[in-house]
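Let's take a walk through a protein together, going from one pair of side chains to the wider picture. Keep the structure open beside you as you read.

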Amino acid sequence: METTKCMSLQDQVCEDIGIFLKRYKDPRKGINILSSRSNIHVKTLKRLSDKEHNPGYQTLYKLYSSLLETNDFNQLLGTVPRAVREKLEKKDPQLKTSPLHRFNLNIEKELLKDRCFAELYVLAETKTFDLGFVKSRFGDYGIEILQKMLLLKVVRQLGNGNYGLGENRSPFSAESIKSVGIILSERYSKPERTDENGANYMGLIFESVSESTYRKWIEIEERAFQERIALLQNPTSRGGLPVFMFSVIDTLMEKAK
């Protein structure tokens, strides 16, 4: 799917969706099939096809893993057109913090369906743990999940008997961000610590705002997120304190427009 033409991201995505739709006599059937395969809403695909939408890196992963029929995101990165690859490398924080890891959609499926798997995945990313912790936290089921994670090379056993980060990682779609974010918030957010200066941060706003204000809110949060990631590029920013940040801005409407 690599192209020799220097195309904008919107033009490239539009062209690649168009190539897929040419397989079908009825474009509506084709776009419905692509929607089902990629888990991207039909309306979003139509906007992408009409160059009315600038896709985020999560949308690009879902779209091109479907177009290229691969769950291996490292393989995907080596195959997608240049404009797509540049967007992924610029915006996906995991590619900046873990450039040597292998990302696979099958790992994300495990992450989404099992709370124990998700929590151990995050802990392995931030600190080591031992068999006693897994047993006390999750019981025999946790040991079973740990064995699965070892087979999948999501975690590895260290020389001191602890378990740490493995070579295979999960990409994070919006669905897995929400799922893991809720798990971490329920388990580890500590309202009582807000009485201590600088111990943590919690904020909640709900209001009716204009469309332009809503867009500015999103821009502010995206900028803050990228600034946090940029801090991690400095080796002196790393330490022994495991932390998490989960952020959501959305409308108080049940269905996406």
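In this predicted model, the side chains of E125 and R169 meet in a salt bridge, with 2.6 Å from N to O. E125 sits in helix α9 (residues 115–126) and R169 in strand β4, so the pair ties together parts that are 44 residues apart in sequence. How do the two partners compare in their exposure, buried or partly exposed? E125 counts as partly exposed because its relative accessibility is 33%. R169 counts as buried because its relative accessible area is 1%, and buried means under 20%.

Stay with R169 for a moment. Strand β4 covers residues 168–169. The side chain of R169 also has a polar contact of 3.4 Å with the side chain of Y121. Setting aside neighbours within four places in sequence, the residues in contact with R169 include H101, F103, I107 and V154.

Now look for other salt bridges; the count comes to 12. One of them joins D11 and K51, whose closest N and O atoms are 3.0 Å apart. This pair links distant parts of the chain, since D11 is in helix α1 and K51 is in the loop between α3 and α4, 40 residues apart. D11 is partly exposed, at 30% relative accessibility, and K51 is partly exposed too, at 40%.

Another salt bridge connects E110 with K148, at 3.3 Å between the closest N and O atoms. E110 is buried at 15% relative accessibility, while K148 is partly exposed at 32%. Through shared partners, salt bridges join E110, K113 and K148 into one network.

Next, turn to the nonpolar side chains. The largest nonpolar core has 27 residues, and V13, I17, L45, L63, Y64 and L88 touch the most other members. Which helix gives the largest share of this core? That is α4, with six residues. L45 shows what such packing looks like: beyond its neighbours within four places in sequence, its contacts include I17, I31, L34 and L63. Apart from this core lies another one, of 23 residues, among them I107, L123, V155 and Y163.

Finally, visit the surface. L204, F206 and L252 make a nonpolar patch of about 460 Å² there. L204 lies in the loop between α11 (174–188) and α12 (211–231), and L204 counts as exposed because its relative accessibility is 72%.

Definitions and conventions: Residues are numbered from 1 along each chain as its sequence is written. This is a predicted model: local features need pLDDT of at least 70, side-chain atom pairs count only at pLDDT 80 or more; totals for chains, interfaces and linings use all residues. Side-chain values use heavy atoms; hydrogens and water are left out. A nonpolar core is a set of buried Ala, Val, Leu, Ile, Met, Phe, Trp, Tyr and Cys residues joined through side-chain atoms within 4.5 Å. Buried means under 20% relative accessible area, exposed over 50%, partly exposed in between (1.4 Å probe, protein chains only). Helices (H or I, at least four residues) and strands (E, at least two) are DSSP runs, numbered from the N terminus. Contact means heavy atoms within 4.5 Å. Patches are made of residues with over 30% relative accessible area and no salt bridge: like charges are joined within 9 Å, nonpolar side chains (Val, Leu, Ile, Met, Phe, Trp, Tyr) within 5 Å. Accessible areas come from the Shrake-Rupley method with a 1.4 Å probe; for residues, only the protein chains shown count as cover. A salt bridge is a side-chain nitrogen of Lys or Arg within 4 Å of a carboxyl oxygen of Asp or Glu. A polar contact is a pair of N or O atoms within 3.5 Å; within protein, one must be able to donate a hydrogen and the other to accept it, and residues adjacent in sequence count only if both atoms are side-chain atoms.
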